[in-house]
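I opened the model and kept notes as I went. The entries follow in the order I looked things up.

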Amino acid sequence: MNELLVFMCDGAPVRGEIVSISSAWQAVLERRNDPPVVRRMLGDFVGAATLLSASLKFDGTLIIQAQSKGPIQLLVVECKSDLTMRATVKLSVEADSIDPNATLGELLDADNTGRLVITLDPSDRQPGQPPYQGIVALQEHRGTVIKPVTSAAEAIALYMQNSEQVDTRIWLASNDTHVGGLLLQRLPDSGGHAHLDPQLAAEGWTRIQTLGETITNEELLTLPPETILRRLFLEESAENGVRSFPARPVRFSCRCSRAKVADVLRMLGEEEVESILAEQGAVETECDFCAKAYRFDAVDCRQVFKTDLLADATRPPSSGH
Ligand SMILES: [Zn+2]
């Protein structure tokens, strides 16, 4: 069960998505050894990333990234519009020193300066054109009161509100084997739902949210999306119609490659690489996402810097030469 289902309501200006991920999520965890509280949070962000990716109107990659001074130093979840995803976290402390009941704020926002960056990177982006980035503070400042964001779902809903100006409700649940999520988005009253008058539209949005609120973590973690859809919106579909589109598969996939590691070595510079070689005999590194090991011995490294000349030739010529 690794699938995402998109649905539309005929009687309300609502687009919804339900995701259920099991083996693809287990593939992320297989290579990791994080404490359960960190795994659950990573899982919630994996659920959020797939739900947000499925609503992208372009081909590309959605990246949710958090950098913090808390026990989680770095969290990265990437999901492409074809719903292939990968995820990683980096801890700044020993795993067993993390409070098993830590909240998102405590993990990611120890000093109330934490934030989440959501990057939308279209695959046809021109060189030099920056990807779109939205930033979500992980705390709400109300006068002198600072209210920490308590869950991934709340953080994502705030992001949707602030950067996309779309009313969004999101429910996420994760454990060691499953990630489940439900997303409801209010569509403009006009357009596809031109037949709904504003009051009916507002009532419809409220009605669908109320139905959404009855979802339980248990359901999100155990039921296939079709079953959740039928259960939640039984009455709605009888009276107004709820249409779903064919479910789309969610897969784990890493984009790391030997060529990308070679690029990193080039960025480090020949001198630095030579000194690693002198010390360790080879440059060894492991992918943060899939734990694949890469090893470059002296001969490989020489090759890396030799091909640098070729790589240079493909770059735009600098002016005047
Ligand atoms: Zn990898």
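How many of the eight residues of strand 1 (residues 2-9) are buried? I counted seven, so strand 1 is largely enclosed by the rest of the structure. For burial I took 20 or more other C-beta atoms within 10 Å of a residue's own as buried, 12 or fewer as exposed, and in between as partly exposed, with C-beta atoms placed from the backbone. Strands (E, at least two residues) and helices (H or I, at least four) are DSSP runs, numbered from the N terminus.

**Ground rules.** This is a predicted model, where local features need pLDDT of at least 70, side-chain atom pairs count only at pLDDT 80 or more, and totals for chains, interfaces and linings use all residues. Residues are numbered from 1 along each chain as its sequence is written.

**Strand 1 and its partners.** I listed the pairings next; two strands pair if DSSP finds at least two bridges between them. Strand 2 (residues 14-21) runs antiparallel to strand 1, joined by seven bridges. The two form a hairpin, with four residues between them. Asn 2 stands opposite Ile 21 in strand 2. Strand 12 (residues 242-244) also pairs with strand 1 in the antiparallel sense, over three bridges. There, Cys 9 has Val 242 as its bridge partner. Strand 13 (residues 248-249) is antiparallel to strand 1 too, over two bridges.

**Domains.** I looked up the division of the chain: domain 1 is 2-252 and domain 2 is 258-313. These bounds come from an automatic or database domain assignment. Their centres, taken over C-alpha atoms, are 36 Å apart.

I traced an open sheet with the order 7-6-3-4-5-14 and mixed pairing. Strand 7 (132-137) and strand 14 (251-252) are at the edges with a single partner strand each, so one side of each lacks a neighbour in the sheet. Strand 4 (residues 72-80) and strand 5 (residues 84-91) are antiparallel over seven bridges. Val 76 has Thr 88 in strand 5 as its bridge partner.

**Helix packing.** Helix 4 (residues 152-164) lies across strand 6 (115-122) and strand 7, at about 125° to strand 7. Axes are lines fitted to C-alpha atoms, for helices over the stretch in contact, and angles run from 0 to 180 degrees between N-to-C directions. The axis of helix 2 (residues 36-53) comes within 9 Å of that of helix 4, and the two cross at roughly 35°. On the helix 2 side I found Met 41, Asp 44, Phe 45 and Ala 48, which meet Ala 152, Ala 153 and Ile 156 in helix 4. Contact requires C-beta atoms, placed from the backbone, within 7 Å. I sorted the residues of this contact into six nonpolar, no polar and one charged. Nonpolar covers Ala, Val, Leu, Ile, Met, Phe, Trp, Tyr, Cys and Pro; charged covers Asp, Glu, Lys and Arg; the others, Gly among them, are polar.

**Positive phi.** Leu 83 is not a glycine, yet its phi is near 65°. I placed Leu 83 in the loop between strand 4 and strand 5. It is buried, with 21 other C-beta atoms within 10 Å. Ala 291 also has a positive phi, about 65°. Its loop joins strand 15 (282-286) and strand 16 (293-297). Ala 291 has 13 C-beta neighbours inside 10 Å and counts as partly exposed.

**Helix 10.** Is helix 10 (residues 270-280) largely enclosed or largely in the open? One of its 11 residues is buried, so helix 10 lies largely in the open. Gly 281 follows helix 10, with a positive phi near 85°.

Technical notes. Two residues are in contact if their C-beta atoms, placed from the backbone, lie within 7 Å.
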